[in-house]
Amino acid sequence: AIRFAEVTVRDSGGTIVQCAETDSQGNFSFALPQGQTTYTVSVSPRANNSNLQAYVLQDPNSNQTYSISAQASAATSSQNLKLIASAQGTLEGGAFNILDQMVRANVFLRNYTSASQGCGTSLFPDCVPFQVGPMVSVYWKKGFNPGTYEGMDPSSGISYYLPGKSQLYIMGGVNGDVNYSDTDHFDNSVIIHEYGHFMEEHYGKSDSPGGSHDGYSQLDPRLAWSEGW
């Protein structure tokens, strides 16, 4: 299900006439006046609510988002629409999966800092219940290596968090290839790992010097701690 995402309804002239959000099951509803107009209903991987604050965008230059759409006729009194984000071809499903992994992280943090887990009780009196993470922008594009934004080797892709800017960059492939090159839009552990760096910066203090790292090298312990965290 596409959870807690933005829904917009536009008339034939492109004007937004209604807004809504999907719920925890991916459902949404709205009312429109009946008539002869055909509306375009779109769901985008954007959320600015009590469950998640995040935008999944195409690139930092245009800041355009993704969407899946369907047509609704105002001449019909009641109708159902089913919108599907594809995991192949146009691959909008990659953008929506990135959004959903951040939903997962926020749900996890709310659950494990609740009173039922001892947060704010005599067991953990200094614990502050988590509400929702700050707004973050995530950049992802099908077949694109975001490392090229930072002058990295275009042939070896990487996902990363850009400190101080609240921006995540998720690997979409190399040179347009999404079948045989490395991609991270469905690599959930990588998505949540990079979101973890964002949370670490906003809720703690990272002393990590950054830099190259992998599982086979001796690292500065500050870098190792941040990556492990």
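The questions and answers below walk through a predicted model of one protein chain.

User: In what order do the elements of the protein chain run from the N terminus on?
Analyst: The model is predicted. The protein chain has three helices and nine strands. From the N terminus, their order is β-β-β-β-β-β-α-β-β-β-α-α.

User: What does the C-alpha trace of the protein chain span along its principal axes?
Analyst: The protein chain holds 229 residues, and buried ones make up 38% of them. It exposes about 12700 Å², with carbon and sulfur atoms supplying 48% of that area. Along the principal axes, the C-alpha trace spans about 65 × 55 × 25 Å.

User: Among contacts between residues at least 6 apart in sequence, what percentage join residues at least 24 apart?
Analyst: Contact here means heavy atoms within 4.5 Å. Take the contacts in the protein chain between residues at least 6 apart in sequence. The share that joins residues at least 24 apart is 59%.

User: How many Å apart are the mean positions of the positive and negative charges?
Analyst: The protein chain carries 11 positive and 21 negative charges.

User: Which strands of the four-strand sheet stand at its edges?
Analyst: This open sheet has antiparallel pairing and the order β2-β1-β3-β6. An edge strand pairs on one side only. Its twist averages 20° from one strand to the next. The edge strands are β2 and β6 (68-73).

User: Which residue in the turn between β1 and β2 has a positive phi?
Analyst: Strands β1 and β2 run antiparallel, joined by five bridges. Across this pair, Glu6 stands opposite Glu21 in β2. The two strands form a hairpin with five residues between them. The turn residue with a positive phi, about 90°, is Gly14.

User: Which residue in β3 is the bridge partner of Thr8?
Analyst: Strand β1 (residues 6-10) runs antiparallel to β3, and five bridges join them. In this pair, Val9 stands opposite Val41 in β3. The bridge partner of Thr8 is Ser42.

User: Why is one side of β4 and of β8 left without a neighbour in the sheet?
Analyst: The open sheet of five strands has mixed pairing and the order β4-β5-β7-β9-β8. β4 (46-48) and β8 (160-162) stand at the edges, so one side of each lacks a neighbour in the sheet. The reason is that each has a single partner strand.

User: In which sense do β7 and β9 pair, parallel or antiparallel?
Analyst: Strand β7 covers residues 136-139, and strand β9 covers residues 167-169. Tyr139 stands opposite Tyr169 in β9. Three bridges join the two strands, and the sense is parallel.

User: What angle does helix α1 make with β5?
Analyst: Helix α1 (residues 92-112) packs on the sheet. It touches β4, β5 (53-57) and β7. Its direction makes an angle with that of β5 of about 160°.

User: Which strands does helix α2 lie across?
Analyst: Helix α2 covers residues 188-203. It runs at about 25° to β8. The strands it lies across are β7, β8 and β9.

User: Is Ala54 buried or exposed?
Analyst: Ala54 lies in strand β5. It touches Pro45, Arg46, Ala47, Leu99, Met102, Met135 and Val136, not counting residues up to four places away in sequence. Buried means under 20% relative accessible area. Ala54 has 0%, so it is buried.

User: What distance separates the C-alpha atoms of Ala54 and Met102?
Analyst: These residues are 48 apart along the chain. Met102 is among the residues that Ala54 touches. Their C-alpha atoms are separated by 8.0 Å.

User: Is Gln34 buried or exposed?
Analyst: Gln34 lies in the loop between β2 (16-21) and β3 (38-44). Leaving aside neighbours within four places in sequence, Gln34 is in contact with Ala74, Ala75, Thr76 and Ser77. The cut-off for exposed is over 50% relative accessible area. Gln34 has 56%, so it is exposed.

User: What distance separates the C-alpha atoms of Gln34 and Gly204?
Analyst: Gln34 sits in the loop between β2 and β3. Gly204 is 170 residues apart from it along the chain. Their C-alpha atoms are separated by 52 Å.

Conventions: Residues are numbered from 1 along each chain as its sequence is written. This is a predicted model: local features need pLDDT of at least 70, side-chain atom pairs count only at pLDDT 80 or more; totals for chains, interfaces and linings use all residues. Side-chain values use heavy atoms; hydrogens and water are left out. Buried means under 20% relative accessible area, exposed over 50%, partly exposed in between (1.4 Å probe, protein chains only). Accessible areas come from the Shrake-Rupley method with a 1.4 Å probe; for residues, only the protein chains shown count as cover. Lys and Arg count as positive and Asp and Glu as negative; His and the chain ends are not counted. The place of a charge is taken as NZ of Lys, CZ of Arg, CG of Asp or CD of Glu. Two strands pair if DSSP finds at least two bridges between them. Axes are lines fitted to C-alpha atoms, for helices over the stretch in contact, and angles run from 0 to 180 degrees between N-to-C directions.
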